[in-house]
Amino acid sequence: MTALTGTRRLARLVLRRDRIRLAIWVLGTPLLGYALAGSVAGVYPDEAARHGYAATSASSLVARAFNGPIASADLGAVVVAETYVTLALIVALLSTFTVARHTRQNEETGRAELLGASVVGRYAPLTAALLVVVAANVLAAALLTLALAGAGLPLAGSVAAAGAVGGVGVAFTGVAAVTAQLSVTSRGANALAAAVVGLSFVLRAAGDVLGDSNADGTRVESAWPSWLSPLGWGNQVRAFAGERWWVLALPVVLLLAGVALAYALAERRDQGAGLVAPRRGPATAAARLLSPAGLAWRMQRGTLLGWAVGVAVLGLSMGVAADEFNAMIDQNPAAAEAINAMGGGTDLVDAYLAAMLGLFALTIGAYVVQAMLRVRGDEADGVLEAALATAVSRTRWLGTQVLAAALGAVALLLLAGLTTGLGYGLVTGDPLGAAIELGGAALLRLPALLVVAGVVTALFGLLPRRSVVLSWTALLVFLLLGQLGAVLELPQAALNLSPYTHVPSVPAVDLAVLPLVVLAGVAAALLAVGVAAFRHRDVPS
């Protein structure tokens, strides 16, 4: 028996366990890319509009920080500038989470020990997970190539752009292989990998902000920090602007280095252990942990803090960028029309602010799904069974989890509105007034997030084994319908399926109370269905 014995069968097991997730990943990435490319092509239909976009993007530090450097004024380069960072972050997180799920999580739950009792080599579980994740990235990149080419973009540039996105996934696959050896828990491995993704984003943003634009102001050359970031490498491929194919080798080098390091670290630790020793807790637990509410807060506070930092930074940046908005679209009526479709109203700055609050609400929806799906994790790990063996009822336990997720959503929405208003107010001279106005406007998005929590709760009660995949799928559908549906000119019947569609786009339009009441009623009905179903089904041991 060798160290890789059983790799093929374990790879088939990974495919069997994640067949739905992988299908959504592999098919969803090119579909999202196609939709975004089509919407960008509609917003910037001619050379003059694209030239204006390139000039304003190159001169705006905010645009360079969040979208990356513009490579040229060609349509393909504009599509890359608008879509690359979004797609790259998605595949980076999917890659790291999948590797951790099939390596560190298997050790944490004891599955790896059972597999190790059979004819399985020491490196086989890790190798199987890496092979599947790399294959998923390659296949998604191939389909993304076809999607971009199908949207009317040149084939060579489509290959380079898709390779840049797939390369990010491949690079962070190697990163996740290492973090899975360091932490003793899957949550810790995911947190370390996510921290590396965040650091990569910061390095890329710093390099792009510090870069120089060319003579006509339609192209940006990134500074050296971008070359330290796997996210920055994708921009350096220069898709649709004189492709630099050799840059695509850098993610492969990082993958090979990460795998080699992971193999070496695996030799230095025991099964189920991590190289970073877990921090010892206090000798006695706090009294608040004796209640479901106290335990929920203890489990959620770290995640909530991380989200709060990200929301605050983005909110402040988006608020400052609002003052640049009129200048950025002054020569682009199509862009103004798209913002109006997303934000509503006639005032472009108010429409922009409403659209940004809508995007924040959708992003915070991911936090709600993440927080609510902890109930499924507790059930699968046996924690729920132990909790229900005490005097805690099912209704109280699940209700506490819903309340914790809802309060976290309230805090993040309020923070998003306050920081966006503060950033805008610092530029316009009224930070307090703008912060209060946008803070209140952000809280109006809460009923839509309660509907998201209700969907997850209903799925958990009715279809617990499928609840994770279906919950994230529902959120993705809400993304496409609620934020991109208007830009893509989808029929109103389809748009109405998203709760975000029914939220009044304050401050761009006047407040309407009835849609918020209806959303609250739908959320209450979904929560009631989920709680009732959970009370009457079995909880597996």
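**Exercise 1.** What span should the 13 residues of helix H19 (residues 431-443) have at 1.5 Å a residue, and how far apart are its end C-alpha atoms?

*Solution.* The model is predicted: local features need pLDDT of at least 70, side-chain atom pairs count only at pLDDT 80 or more, and totals for chains, interfaces and linings use all residues. Residues are numbered from 1 along each chain as its sequence is written, and side-chain values use heavy atoms, with hydrogens and water left out.

Helices are DSSP runs (H or I, at least four residues), numbered from the N terminus. The expected span is 1.5 Å times one less than the number of residues. For H19 this gives 18 Å, and the end C-alpha atoms are 18 Å apart, which agrees.

**Exercise 2.** Determine which residues of H19 are buried and which elements cover them.

*Solution.* Buried means under 20% relative accessible area, exposed over 50%, partly exposed in between (1.4 Å probe, protein chains only). Ala434, Ala435, Leu438, Gly439, Ala441 and Ala442 of H19 are buried. They cover an arc of only 165° around the axis (taken from the directions from the helix axis to the C-beta atoms), so they lie on the same side of H19. Exposed Leu432 and Ile436 sit on the face turned away from the buried side. The cover includes helices H15 (348-372), H18 (394-428) and H20 (446-462).

**Exercise 3.** Is threonine 145 buried or exposed, and which residues does it contact?

*Solution.* Threonine 145 belongs to helix H8 (residues 124-150). Its relative accessibility is 12%, so threonine 145 counts as buried. Leaving aside neighbours within four places in sequence, threonine 145 is in contact (heavy atoms within 4.5 Å) with Leu155, Ser158, Val159 and Ala162.

Terms used
Helices (H or I, at least four residues) and strands (E, at least two) are DSSP runs, numbered from the N terminus.
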